[in-house]
Amino acid sequence: MSTTAELNKDILRGGQFLVKESKCEDIFTPEDFSEEQKMMKESVIEFVDREIWPHKERFEKKDYAFTEEIMRKAGELGLLGIAVPEEYGGLGMGFVTTMLVCDYISGATGSIATAFGAHTGIGTMPITLYGTEEQKQKYVPKLATGEWFGAYCLTEPGAGSDANSGKTKAVLSEDGTHYKISGQKMWISNAGFCNLFIVFARIEDDKNITGFIVENDPSNGITMGEEEQKLGIHASSTRQVFFNETVVPVENMLSKRGDGFKIAMNALNVGRIKLAAACLDAQRRVIDTAVKYANERIQFKTPIAKFGAIKAKIANMATSAYAGESASYRAAKNIEDRIAIRMAEGNTHQEAELKGVEEYAIECSILKVAVSEDIQNCSDEGIQIFGGMGFSADTPMEAAWRDARIARIYEGTNEINRMLSVGMLVKKAMKGHVDLLGPAMAVVDELTGIPSFDTPDFSAILSEEKAMIAKLKKVFLMVAGAAVQKFGPQLEEHQQLLMAAADILIEIYMAESTVLRAEKNALRFGEDAQKEQIAMAKLYLYNAVDTINQKAKEGIVSFAEGDEQRMMLMGLKRFTKYHNTPNVVALRNMIAEKVTAENTYPF
C-alpha cells in the first residue's frame, strides 16, 4: 500500500490537469489492470456473453421480467455488491474495479445497463454513503445481493434539471414518529420490480429537499403508472410513482433534514463517471459488429472494409473508444487514490468516498458528456456501415442507436454538464483549489510578448502532441480568463459562451488522456507494438484541435472587440498551429487496417 505522502506527491486535484503537466507514468490506463481486475473483467464478459448477448431480442420485446431475472443472476454472482463494503454484504472493491464491472456489464443492451446503474448507483449508494449504521445494516445487504432492488425518485413533472424545485411534500406527524409523503415522481428506473425507493421530498418550506428511504409497499399509499413507452432501453422498467400520504418512520430520513439536494448532487457525480464507463463496452461491441459486417459485405467485388470511406468511419469509431477508455480509467484511479488518501488520514469510508468523488466532479461531468456523445456517434456510424440493413430492427445497430440516445440525458443533460464543468472550475479557482489566474495572466503576457522562432526538438515519442496540448490549455485560459474578467459572476448567464468553453475543456482532457496512455504504453511495450495506439492519439488530437479552434473563435468573436479581439485571434492561431501537421488519411488507414485485420476492436 502506498503511503499518503507518495499518493499525494503525484495526484492532481480535480481540474488541475488544466494548469499542471501530467506525466504518463503518473496516470492509470486499462493496461495497468491487476490480475484480480483482469479476472473480474473476464468473468463479467463471460456472464454477459452467456446470459445477455444471445437474448437481445427479448429486451427489444419489452421483457421486463427477463431484466429482473438477469439482475438476480448478477446479484448471485456478487456483481451488484462490487462497491459495497464487505461488512454490508458486498465485495468492497476499489473504485477502478467498480468502474470496470459497470463498463463490461453494460455493453450488450441499454436495458441492463440502466437497471444495473440505477440499482447499484443511485439506488444503493445513497444509503452506503449517507445512511446511519442502522439503515446500512437493515437495507444494504439485501441490495448488495440482489434480494432487494432499489430505485431513485428525484425527477418530477416540474423538476428535471432544476432538481431542487420538487413539489413532493413530507409532513411530520403530530407525535413526531413518522412523515407522510405525498407527490408524483416520473421516469423512475426499476420502479416495476424494486423493493425500495430513495425519495426526495420537501419538509414545510425548506430551501432544500430531504432524502428518505421508502419501502415499496402498495398498501402504504404507493401506486404506479403504466410502463413508459420509450425510444430505447425497451426492457428497462420505467414508471411514474405516486405517493399519497405514504407513512415513513422518522428514522428513515437519509442524512439530515435539507441534505437531499447535496445527496442528489453527489450521487449524480458518481453516476456521471459510471455512465461514461457504461458507454465503453457498448462502443467496443458496436465496432466489433460493424467491422465483421464490413469484412463480409462484398460490393463491387470488394469487401466494403477495404474502401476509404468505410476505413475513415472504423478509425474514428475505434479512436473515440480508445480515448473514452483512456480518460475514464485515468479519472477512476485518481478518485480511488484520493479515497485512499482520505482513509489514511482517518476519514471513514463514507467520508472518503464522498469527498474523493466530489474532488473530481469536473472530470466526471467531462466524461459523461464526451463518452455519451461518442457512443451515439459510434452507433450512428455503425448503422451507416450496415447501410439499408442498419435501419432494420433485424440487425443489432438499430437497437444500439436507440439505446445510446438516453445517455445524453441521464445524470443531468449534456448541456447542464457542460455548464457545470466550467462553473465548477471557476468556483475551484475562486476557492484557491486551482490556480487559474496566474497561468491566465502568463498567457496574456505571452500574447503581448515576442514569440519564439526556435525550432523545438520533437524527437521524443509524442513530444509534439504533448507540446500541442500545452498550447491548447493556453487557449482555454485565454478565452475563459477574458470571459471571467469581462462578465465576472454574470458569466453563468452567458450559456453559449460556457458551452463553447466546456467543449474546449472536454477536448483537452480527452486528448491529453489519450496521448498519455499511448506514450506510457509505447515506453513500456515498445513503439512498434503500439503504433496504431500512437496513431489514435495523433488522430484524436488532430480532431480536438479543430474543435477547439472553432469553439474558441466562436467565443472570441462573441465577447471581444477591436484590438483585444485581434490579439486573441492571433493567439488562437499561434496556439493551434502544428509544426508538423499529421497525415490524417494515413493515420486513419493504419488504425482501420489493424481493426479490420483483427476483425474486432483489438486495443
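This is a predicted model: local features need pLDDT of at least 70, side-chain atom pairs count only at pLDDT 80 or more; totals for chains, interfaces and linings use all residues.
Local features were kept only at pLDDT of at least 70 and side-chain atom pairs only at pLDDT 80 or more, while totals for chains, interfaces and linings use all residues. Residues are numbered from 1 along each chain as its sequence is written, and side-chain values use heavy atoms, with hydrogens and water left out.

Start with the helix pair. Helix α12 (residues 361-386) packs against helix α13 (residues 396-405) at about 160°, with the axes 9 Å apart; helices here are DSSP runs of H or I, at least four residues long, and strands are runs of E of at least two, numbered from the N terminus. The axes are lines fitted to C-alpha atoms over the stretch in contact, and angles run from 0 to 180 degrees between N-to-C directions. α12 and α13 are therefore roughly antiparallel, a label for angles over 145 degrees. On the α12 side, Ile375, Gln376, Ser379, Asp380, Gly382, Ile383 and Phe386 meet Met397, Glu398, Ala400, Trp401, Ala404 and Arg405 of α13, contact being heavy atoms within 4.5 Å. Sorted by class, that contact has 7 nonpolar, 3 polar and 3 charged residues, where Ala, Val, Leu, Ile, Met, Phe, Trp, Tyr, Cys and Pro count as nonpolar, Asp, Glu, Lys and Arg as charged, and the others, Gly among them, as polar.

Now for the buried residues. Asn164 sits in the loop between β1 (150-153) and β2 (169-172) and is buried, at 15% relative accessible area; buried means under 20%, exposed over 50% and partly exposed in between, with a 1.4 Å probe and protein chains only. Leaving aside neighbours within four places in sequence, Asn164 touches Arg202, Lys207, Asn208, Ile209 and Phe261. Helix α10 (residues 308-344) holds Ser326, which is buried at 1%.

Last comes the backbone. Most residues other than glycine have a negative phi. Trp187, in strand β3 (residues 178-189), has a positive phi near 60° and is partly exposed at 48%. Lys301, in the loop between β9 (298-299) and β10 (302-303), has a positive phi near 65° and is exposed at 82%.

How values were computed
Angles under 35 degrees count as roughly parallel, over 145 as roughly antiparallel, 65 to 115 as roughly perpendicular and the rest as oblique.
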